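Q: Could you walk me through this structure? I have not seen it before.

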Amino acid sequence: MQNAEAGALSAIPGDKANRAAVQNQLARIIANSYFRNSKRSQALLRYVVDATLAADANSLKERCIGAAVFSRDVGYDTTQDPIVRNAAIDVRKRLARYYMEPEHAGELRIELPTGSYQAVFIEPPGPAAEPMAPPAETV
């Protein structure tokens with residue numbers, strides 16, 4: 001994974017350690033009570049994370065997601081059937097609740113930015129820096 005923005009990571013498919021970290025975090029999130037009882041949210045999150053890790057931008061289009069995740073016909077009308085948009089809204093809410101809990105503050109973040117179906121991976125914050133001593137006074 002490389003820094004694309006401050007703290008944001010873009011997955012490099014060949015980097016097994018980073019892929020493993022993202023997959024482990026995905027498993028933790030899906031096992032959490034916010035996702036455990038929503039097969040739809042689990043399926044969408046798993047799909048977008050896997051497609052993002054595979055750098056498969058074509059699979060991250062609304063129509064493709066609808067067909068692959070929700071068994072819609074490839075030519076379905078996305079304006080008449082907003083299942084992908086609605087599921088993405090639900091996933092974003094569930095992720096926000098998950099990361100609001102203090103015990104998840106130090107974990108790798110998986111986010112689904114508004115207006116996109118490509119997952120973003122954000123490194124956990126590093127250890128807090130020790131406060132610096134005030135400068136010694138010179139006479």
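A: Beyond its neighbours within four places in sequence, glutamate 62 is in contact (heavy atoms within 4.5 Å) with Tyr76, Thr78, Val84, Arg85 and Tyr117. This is a predicted model, in which local features need pLDDT of at least 70, side-chain atom pairs count only at pLDDT 80 or more, and totals for chains, interfaces and linings use all residues. Residues are numbered from 1 along each chain as its sequence is written, and side-chain values use heavy atoms, with hydrogens and water left out.

Q: Is glutamate 62 buried or exposed?
A: Glutamate 62 counts as buried because its relative accessibility is 16%; buried means under 20% relative accessible area, exposed over 50% and partly exposed in between, with a 1.4 Å probe and protein chains only.

Q: Which helix is glutamate 62 found in?
A: Glutamate 62 is in helix H4, residues 62-70. Helices are DSSP runs (H or I, at least four residues), as are strands (E, at least two), numbered from the N terminus.

Q: Turning to H5, what do its buried residues pack against?
A: They pack against helix H1 (16-31), helix H2 (33-36), helix H3 (39-53), H4 and strand S3 (109-111). The buried residues of H5 include Ile83, Val84, Leu95, Tyr98 and Tyr99.

Q: Where do H1 and H5 meet?
A: Gln25, Arg28 and Ile29 in H1 meet Leu95, Tyr98 and Tyr99 in H5. By class, this contact has four nonpolar, one polar and one charged residues; Ala, Val, Leu, Ile, Met, Phe, Trp, Tyr, Cys and Pro count as nonpolar, Asp, Glu, Lys and Arg as charged, and the others, Gly among them, as polar.
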